[in-house]
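The points are grouped by topic.

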Amino acid sequence: MSHTKVGKEALLQRVKRIAGQVQAIERALEGNADCAKTLHLVAATRGAMNGLLDEIIEDHAWEHVAKAGLSDEERAQGTRELLEAIRRYGK
């Protein structure tokens, strides 16, 4: 993802926050936290992952599907990659 170099640090910070959220879920489970707290942690983590996914999908669409100057084959490949990711997410 060489085109994400501009936003690489921001993406890495998001991933680190998500990792912290996952660790909080682990601690909640290990510590027998009440299920409402654990549900809240999981929901927040899922929201963070969805936000990260949205950002990367948008970046991919602009760089590999909508960018001016792409060949038809490059555009088709970018579209295939995007659709594959979306299908996997839906499962």
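Helices, of at least four residues, are DSSP runs numbered from the N terminus. By that numbering, Asn32, which takes a positive phi of about 55°, sits just after H1. The model is predicted.

**Helix H1**
- H1 covers residues 8-30, and its end C-alpha atoms are 33 Å apart.
- The buried residues in H1 include Leu11, Ile18, Ala24, Ile25 and Ala28.
- These buried residues pack against H2.

**H1 with H2**
- The axes of H1 and H2 cross at roughly 160° and come within 9 Å.
- The two helices are therefore roughly antiparallel to each other, as angles over 145 degrees count as such.
- The crossing of H1 past H2 is left-handed.
- On the H1 side, the contact is made by Leu11, Arg14, Val15, Ile18, Gln21, Val22, Ala24, Ile25, Ala28 and Leu29.
- On the H2 side, the residues are Thr38, Leu41, Val42, Ala44, Thr45, Ala48, Met49, Gly51, Leu52, Glu55 and Ile56.
- By class, this contact of H1 with H2 holds 15 nonpolar, four polar and two charged residues.

**Two residues of H2**
- Thr38 lies in helix H2.
- Thr38 counts as buried because its relative accessibility is 13%, and the cut-off is under 20%.
- Neighbours within four places in sequence aside, Thr38 is in contact with Ala28, Leu29 and Ala33.
- Ala48 also belongs to helix H2.
- With neighbours within four places in sequence again left aside, Ala48 is in contact with Arg14, Ile18 and Gln21.
- Ala48 and Lys37 are 11 residues apart along the chain, and their C-alpha atoms are separated by 17 Å.

**H2 with H3**
- H2 (residues 35-64) packs with H3 (residues 72-90) at an angle of about 165°, the axes being 9 Å apart.
- That angle makes H2 roughly antiparallel to H3.
- The crossing of H2 and H3 is left-handed.
- H2 contributes Asn50, Leu53, Ile57, His60, Ala61 and His64 to the contact.
- H3 contributes Glu74, Arg75, Gly78, Thr79, Glu81, Leu82, Ile86 and Tyr89.
- The residues of this contact of H2 with H3 divide into six nonpolar, five polar and three charged.

Technical notes: Residues numbered from 1 in each chain as written. Predicted model: local features only at pLDDT ≥ 70, side-chain atom pairs only at ≥ 80, totals over all residues. Heavy atoms only, no water. Axes fitted to C-alpha atoms, helices over the stretch in contact; angles between N-to-C directions. Parallel < 35°, antiparallel > 145°, perpendicular 65-115°, else oblique. Left-handed = near helix turned anticlockwise from the far one by under 90°. Contact = heavy atoms within 4.5 Å. Nonpolar A, V, L, I, M, F, W, Y, C, P; charged D, E, K, R; others polar. Expected span 1.5 Å × (residues − 1). Buried < 20%, exposed > 50% of the residue type's maximum accessible area, 1.4 Å probe, protein only.
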